[in-house]
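Here are some notes to read with the model open beside you.

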Amino acid sequence: LEGSLTNSPVIRAGLLDKIGNVCLSLGLYEEAAPLIEEAFEIRVTKYGQEHIDVAASLRALGMTHFYRGEHDLAELKLADSLQMLEKLHGTNHPLVSDVALDLGVASFVNHDDELAQKLMARSLAIRQQAYGKDSREALAAMLFLTVLENTGGRTNPSRVEELGTLWDAS
C-alpha cells in the first residue's frame, strides 16, 4: 500500500485498517500500529472527528495499545470509541456492546473492577437483547463477566451456574 491509493483515501484507510487488524489478530502488534494509526488519520481528515469509521479506528487503536501493554492509552481510545458509537447508534447497538466489552477488559486489567463490571454487564445485556440469551455473543460477554466476578477473593456462584447453563445451551 505504500504510495498507492493516495487518490482514494477512503479505500486506502479501509485497507490499512483491515491489514492492521489482521496483524493484531496474528500478534504482530508493532506492525499493526502504524497501519491503524494511518487509517485513523485519513479517516479523521476525510470525515472529521465523528464518524462510524473514525470510531472503528479508535477501537483498533485502543486494542493496539492494549496488546502492547499500554493499558491507560487503551482505555482512553476505547472510551472515545464507545462515546462516539453511543452518539451515532444509541446505547443498545451491538457495536456499543463490542466496544463496552473491550473497554471492560481494559478496565479490569487496569484494576478498575467496578467500571469493568458495569461495562461487561452492559455488554451482556445488549448482546442478550440483540442476539438472544443463548447466543454465542452473549456467552462471550458472560464469560468475561464471570471471570471478573470470581477473582480477587470475590465469588458469584449464581453467575458461574448461569454461565454453565448458557455454555450447555450454545
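1. Let's start with Arg122, which is partly exposed at a relative accessible area of 24%. On that scale, buried means under 20% relative accessible area, exposed over 50%, and partly exposed in between, using a 1.4 Å probe and protein chains only.

2. Before going on, a word on what you're looking at: this is a predicted model, where local features need pLDDT of at least 70, side-chain atom pairs count only at pLDDT 80 or more, and totals for chains, interfaces and linings use all residues. Residues are numbered from 1 along each chain as its sequence is written, and side-chain values use heavy atoms, with hydrogens and water left out.

3. Which residue does Arg122 pair with in a salt bridge? The partner is Glu86, at 2.5 Å from N to O. A salt bridge here is a side-chain nitrogen of Lys or Arg within 4 Å of a carboxyl oxygen of Asp or Glu. Glu86 sits in helix α4 and Arg122 in helix α6 (residues 113-131), so the pair ties together parts that are 36 residues apart in sequence. Glu86 is also partly exposed, with 24% relative accessibility. Helices (H or I, at least four residues) and strands (E, at least two) are DSSP runs, numbered from the N terminus.

4. By the salt-bridge rule the count comes to nine. Another of them joins Lys87 to Glu50, with the closest N and O atoms 3.2 Å apart. Lys87 belongs to α4 (residues 71-89) and Glu50 to the loop between α2 (29-47) and α3 (52-67), so this pair ties together parts 37 residues apart in sequence. Have a look at the surface here: Lys87 counts as exposed at 59% relative accessibility, while Glu50 is partly exposed at 40%.

5. Next, Arg127 and Asp98, whose side chains meet in a salt bridge at 2.8 Å, N to O. This one links distant parts of the chain, with Arg127 in helix α6 and Asp98 in helix α5 (residues 94-109), 29 residues apart. Is Arg127 buried or exposed? At 8% relative accessibility, Arg127 counts as buried. Elsewhere, salt bridges that share partners join Glu30, Arg68 and Glu70 into one network.

6. Now for helix packing. α6 and helix α7 (residues 136-149) pack at an angle of about 160 degrees, with their axes 8 Å apart. The axes are lines fitted to C-alpha atoms, for helices over the stretch in contact, and angles run from 0 to 180 degrees between N-to-C directions. That makes α6 roughly antiparallel to α7, a label for angles over 145 degrees.

7. Who meets whom there? On the α6 side, the residues include Met120, Leu124, Arg127 and Tyr131, and they face an α7 set including Met142, Phe144, Leu145 and Leu148. Contact means heavy atoms within 4.5 Å.

8. Ser123 is worth a click. This residue is in helix α6 and is buried, with a relative accessible area of 0%. Leaving aside neighbours within four places in sequence, Ser123 is in contact with Ser97, Ala100, Leu101 and Ala141.

9. Finally, Ala32 in helix α2. Ala32 counts as buried at 0% relative accessibility. What does Ala32 touch, leaving aside its neighbours within four places in sequence? The contacts are Gly20, Cys23 and Leu24. The C-alpha atoms of Ala32 and Leu115 are separated by 28 Å, and the two residues are 83 residues apart along the chain.

Terms used
Parallel < 35°, antiparallel > 145°, perpendicular 65-115°, else oblique.
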